Amino acid sequence: MLWIVKGVALLLLLPVLLPFYLVVTFAGLCFPVAITRWVIFNVPGASWQQGDIRSDQWQRAHTAAPVVDLPSVGAILELDFREQYNDASENSRNSIRVCSWNIFLGQNLQGVIDELLQMSPKPDVICLQEDNIFQDISDESEGTPVFRYAGGAVAKALKMKCVFSPAYYRGRPPALRGCYGMSILSSFELHNVEALRCVVQPKLVHAMGDWLFGDRHLPYAEIRLPGQQAVTLVSVHLPSVGYFRERLEMLRVLLDQMAERAHANEKRLLVVGDLNTLPFIMRYMVPIGTNDLYFNLKKESQLLRSRLAEMRLQDPFSDSDGTFPRAGVEKLDWMLFRAQHFSVSECRVQPAPRPPAALVRDSGSDHLWISAHLTLCNEATKT
């Protein structure tokens, strides 16, 4: 019944929406960078450029977030809040619980922390996307600005180790106001930590280089499980602009980078995060849409899953396990691995609040977290 009501409403609004869409499409074709820049700065939730925490958003969790130096492009920020050293290879466990969450720049940082503290059992590894280093607007000292790390506040509350890799910054040197990036939090020791540079990017991203400061890097780390077998892990956030084929190529190159470092035949890989498999309507949104899919009726999540099969990768969640309720419960978040490396005993998706408009307020982010319990397969079963 609800879909019928929506369909009727769309037909009634069509005389207004169609001319508006044609105007936006024409402007997007003529001025793609200018239109994209306007979207990034003005559409709520559209970009890391909105990561400055305003006074009306400020929470006690923001005040408690650890103070850090703003990391340089391609650097790794590392903090450890564990109460004792814990290396997975030193105990008998052959499984890990992995959680992934796009935390919406920590705008509701207290909500993120409260939600993760309630998870039982506690995840061993948490991959955060749209993590944020923000300027402390409450600091009244003159001179050097004070920066605080949202993911560090989460790690501190959960007593975990964390590594952060910056991607893009707000402002330009020397007047930087913070940066957005990705993090890996772990109860276990992280080895061979590195920031992997995305050497392939959408052409639209390259075209914005004159005002876009930074470069997309993703944190890479290894966890050594019993028998010194390593799990290689990346927390990934692909861009929400550009063609579908460009983001697919970014994923392929990332897998090659992991294989080079991890000797893929020996170590199990996990690619975890927000792959921005966008809603169907986005392919018609010029210039930021996946316009190479104009005449394809499949969802991006369906198309990606077929490509993953070709790469011998799988995701344990179904296409109906949506993680972005604001867009009709679309699946944006993934956990990729090879079937011969892990078996899955449990998959969970954060329950969505009702109505979806209350998502950030009630759940901590505009995305829902995903979690899986992964058990290592025996070496004899590997192919």
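1. Leaving aside neighbours within four places in sequence, Leu 308 is in contact with Leu 251, Leu 313, Trp 334 and Leu 336. Please keep in mind that this is a predicted model, where local features need pLDDT of at least 70, side-chain atom pairs count only at pLDDT 80 or more, and totals for chains, interfaces and linings use all residues. Residues are numbered from 1 along each chain as its sequence is written, and side-chain values use heavy atoms, with hydrogens and water left out.

2. Now for the whole chain. It has 9 helices and 14 strands; helices (H or I, at least four residues) and strands (E, at least two) are DSSP runs, numbered from the N terminus. Of the 383 residues, 54% count as buried, where buried means under 20% relative accessible area, exposed over 50%, and partly exposed in between (1.4 Å probe, protein chains only). Among contacts with a separation of 6 or more, 75% join residues 24 or more positions apart.

3. In soluble globular proteins, nonpolar side chains tend to be buried together.

4. Where is space left inside? The structure holds 2 cavities of 30 Å³ or more. On a 1 Å grid over the protein atoms alone, a cavity is a set of points where a 1.4 Å probe fits but cannot get out, and lining residues have an atom within 4 Å of a point. Grid points are joined across faces, edges and corners, and a volume is the space filled by probe spheres set on the points.

5. The largest cavity has about 60 Å³ of space. Its lining includes Leu 238, Phe 244, Arg 247, Thr 277, Glu 300 and Leu 304. H7 supplies the largest share of that lining, 4 residues, and helix H8 (300–310) supplies at least two.

6. The second largest cavity holds about 40 Å³. Among its lining residues are Arg 97, Met 119, Lys 122, Glu 346, Arg 348 and His 373. Strand S14 (370–376) gives the most to this lining, with 3 residues.

7. Finally, look at the rings. Rings of Phe, Tyr and Trp (its six-membered ring) pair if their centres lie within 6.5 Å; planes under 30 degrees apart count as stacked, over 60 as edge-to-face and the rest as tilted. By this rule the count comes to 4 aromatic pairs. One of them, Tyr 169 with Phe 213, is tilted, at 5.2 Å centre to centre and 55° between the planes. Tyr 169 lies in strand S6 (residues 161–172) and Phe 213 in the loop between helix H6 (203–207) and strand S9 (217–225), so the pair ties together parts that are 44 residues apart in sequence. Tyr 169 is buried at 2% relative accessibility, whereas Phe 213 is partly exposed at 23%.

Technical notes
Contact means heavy atoms within 4.5 Å. On a 1 Å grid over the protein atoms alone, a cavity is a set of points where a 1.4 Å probe fits but cannot get out, and a pocket is an open set with protein on both sides within 12 Å along at least five of seven lines; lining residues have an atom within 4 Å of a point.
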